[in-house]
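The report below takes up the nonpolar core, the surface patches and the backbone geometry of one protein model.

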Amino acid sequence: MYSNIDNPFNDAALSKQFVWKKKIEQDLKQGISKKEQERIKRERQVENMRELEKLNKRREERELEQKFREQEMARLQREAEQAQLGNWEDREERFHLKQAKKRAELRIKNGRAKPVDIMAMNLRLANEETEGDDSETNLDLEVDVDEPWKILDDLSLDEVNELYHDIQMYLSLEKNDLNVEFWKSMLIVCDARRAELEQASRTSNGVPETISEEITAMLRDKDYDELLALQSKIQSKLSSGEPVDVEYWEQALKQLVIKLAKTKLSKLHEKILLARLEKLRRLQGQTQPRQQQLPGEESLQPQEEGTASEARRLLKERQQQLQARLIEQASARNASIDPSVDDSKESLQMYRHEASKEMDMNEAIFAVEAQLSKTTYSWEDKYRPRKPRYFNRVHTGYDWNKYNQTHYDHDNPPPKVVQGYKFNLFYPDLIDKSVAPTYRIEKDPENDETVIIRFIAGPPYEDVAFRIVNRPWEYSRKRGFRNSFDRGVLQLHFRFKRQFYRR
């Protein structure tokens, strides 16, 4: 760029290589030869080149880091914008869902309810804590105790089509997992009913009645897990390439999917009824008069006391109706779904007698069995093995230990805990009535916080087991313990010992 004549340094020998003569002479005096000096010079040049390469590399890395930082900042900004847009869309969906449920409530109160309104209100009353809910609001609305798909039986094709689109609307807006499962299953059943009505309006007869009845009989007594297994088996059969009646098995698969949806709806509907029953009990507990008046608290006026007494009475009636329906469903399930259950007239009478007793507001039906490994009995060749009927209750409540007293109050109570169980098992046909049925506690292989309680009797009854909370029992009769076998009824009632909190 510069010459010896024209340069900003005023150096006439700029183009000549600089030679440090004094340094060379000094090195020669020290015994460093010119050859050695050249070698040192070359090494220094190589080192300088390496250092220059490092500097260039660091500069490139800084430029690349700067580029990545800019890209990351742009990405974070885009994500923030998308999150803000997503929150807005989510809020809009929640608003539309809330408005749809409000419209359903108004139509129900005004006697103009659509079929989808009944289902939406069932889910709302059972699963959601709505804002501003009080005893009056809950008394105006109530869940439908019939299975949800039965509402389709009385609808025309146009009404079923309208219901189908309404269900799609709720399904697109709903976020609650339980509600989504409900609407998905209901959509399958509604679509099947729509196809059935459309088929009936045509001239074609569709599937022969004998084939339909045969498929229905094949699916009749199967539970949800058995239906899933059968579905997998049919799908494997259709995809195997073997010579099979494709039309028959495809029709069986269609009916099986509908049966699966209805079975799932039955389970969900039972959860809805139980949840609603629990809310009614909690609401009834809130309307009970307090035993002690707090300092500075005014007593209820006569008019307020009368209104509360109307609310308590109506709540109790609703609770009894729901409880009676749940008992009826449990009895039917034990008798029809599981054919191995004792079907004698005496056991059914014992069951109904125990189920007719009034339940405490903190009690709930406990009917979930623990699965036992397949057991063979020495008396199977003489008697038909059968499961005993039972009607069990679980007692829950608030544990006001020191910790909960510190962190909660009666307006904001702690979570409910299991406080005890009441097992009632019926053995009217026991062969050897001199030997009472017994129970034993077994370790739960799945969870250390629970144990398996197994009830054992002689022929013709199989063992039956339940999974319960693993806590010490109270064996005092004053604390409610009872272990007796009288007139074919085994009763085991117990409460758990109180747990004290220590720092």
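What follows describes the core, then the surface, then individual backbone positions.

This is a predicted model, in which local features need pLDDT of at least 70 and side-chain atom pairs count only at pLDDT 80 or more, while totals for chains, interfaces and linings use all residues. Residues are numbered from 1 along each chain as its sequence is written, and side-chain values use heavy atoms, with hydrogens and water left out.

The largest nonpolar core has 27 residues, of which Leu 152, Leu 163, Ile 167, Tyr 170, Phe 182 and Trp 183 touch the most other members. At least two residues of this core come from each of helix H2 (34-109), helix H3 (115-127), helix H5 (157-173), helix H6 (177-200) and helix H9 (246-287), and H6 gives the most, with seven residues. Such a core is a set of buried Ala, Val, Leu, Ile, Met, Phe, Trp, Tyr and Cys residues joined through side-chain atoms within 4.5 Å; buried means under 20% relative accessible area, exposed over 50%, and partly exposed in between (1.4 Å probe, protein chains only). Helices (H or I, at least four residues) and strands (E, at least two) are DSSP runs, numbered from the N terminus.

On the surface, Met 1, Tyr 2, Phe 9 and Leu 14 form a nonpolar patch with about 540 Å² of accessible area together. Patches are made of residues with over 30% relative accessible area and no salt bridge, nonpolar side chains (Val, Leu, Ile, Met, Phe, Trp, Tyr) being joined within 5 Å and like charges within 9 Å; a salt bridge is a side-chain nitrogen of Lys or Arg within 4 Å of a carboxyl oxygen of Asp or Glu. Accessible areas come from the Shrake-Rupley method with a 1.4 Å probe, and for residues only the protein chains shown count as cover. Met 1 itself lies in the segment before helix H1 (21-29) and is exposed, with a relative accessible area of 96%.

Most residues other than glycine have a negative phi, and most peptide bonds are trans.

| Position | Backbone value |
|---|---|
| Asn 10 | positive phi of about 55° |
| Arg 487 | positive phi of about 55° |
| Pro 459 and Pro 460 | cis peptide bond, omega about 10° |

Asn 10 is placed in the segment before H1, whereas Arg 487 is in the loop between strand S9 (482-486) and strand S10 (489-496). Pro 460 belongs to the loop between strand S6 (450-456) and strand S7 (464-469).
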